[in-house]
Amino acid sequence: MAKSFVLPGEVTVNGSIETAISGRIEGRVNGDVRSAGRIVIGKEAVVRGHVYAADLEVWGRVQGDVYVSNKALICDKAHIRGDVTAMIMEIREGAVIEGAIRKDVLHAPEETIQQDADPAAPRRRRLKRTAR
């Protein structure tokens, strides 16, 4: 049986969570969540920080950017205030994302740098991201 963790609804974590295993968050996290596995953010859960996972399923609220190396499922009651980056993304009707949606942007910076190196290429302005 594969290991996993559950953060119950009655628990608040003030600080980041880093784990190599999958897990389910039903409570509150005031900090980043990093997992090499699958993370499920439950209907009543609130994460105030960035989320990094191999796979992600969001039912609750995330106030921060989301980075998923494989598949992100944004369910109908989910509310994300931040950018979402994933290789594969499913967004269900009713979900709210207040931010940009990107697919596989890990390769985009290299393409931009190569294009900027070409003097004939149009100039792109790089914007510095500010904290939310």
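This is a predicted model: local features need pLDDT of at least 70, side-chain atom pairs count only at pLDDT 80 or more; totals for chains, interfaces and linings use all residues.
Buried means under 20% relative accessible area, exposed means over 50%, and partly exposed lies in between (1.4 Å probe, protein chains only). Residues are numbered from 1 along each chain as its sequence is written, and side-chain values use heavy atoms, with hydrogens and water left out.

**The nonpolar core**

- The largest nonpolar core holds 24 residues; such a core is a set of buried Ala, Val, Leu, Ile, Met, Phe, Trp, Tyr and Cys residues joined through side-chain atoms within 4.5 Å.
- At least two residues of this core come from each of strands E1 (4-7), E7 (38-41), E9 (51-53), E10 (55-58), E12 (66-74) and E14 (84-91); strands (E, at least two residues) and helices (H or I, at least four) are DSSP runs, numbered from the N terminus.
- E12 gives the most to this core, with four residues.
- Ile-25 and Ile-41 have the most contacts inside the core, a contact being heavy atoms within 4.5 Å.
- Leaving aside residues up to four places away in sequence, Ile-25 touches Phe-5, Leu-7, Val-33, Ile-39, Val-40, Ile-41, Gly-42, Ala-45 and Val-47.

**Salt bridges: the overall count**

- The whole structure contains six salt bridges, each defined as a side-chain nitrogen of Lys or Arg within 4 Å of a carboxyl oxygen of Asp or Glu.

**Arg-24 and Glu-26**

- Arg-24 and Glu-26 form a salt bridge, with their closest N and O atoms 2.4 Å apart.
- Arg-24 is partly exposed, at 35% relative accessible area, and Glu-26 is also partly exposed, at 22%.

**Arg-38 and Glu-57**

- A salt bridge joins the side chains of Arg-38 and Glu-57, at 2.2 Å from N to O.
- This pair links distant parts of the chain, with Arg-38 in strand E7 and Glu-57 in strand E10, 19 residues apart.
- Arg-38 counts as partly exposed at 39% relative accessibility, whereas Glu-57 counts as buried at 14%.

- The side chains of Glu-90 and Arg-92 meet in a salt bridge of 3.1 Å, N to O.
- Glu-90 is partly exposed at 30% relative accessibility, and Arg-92 is partly exposed at 35%.
- Lys-71 joins Glu-90 and Arg-92 in a network of salt bridges.
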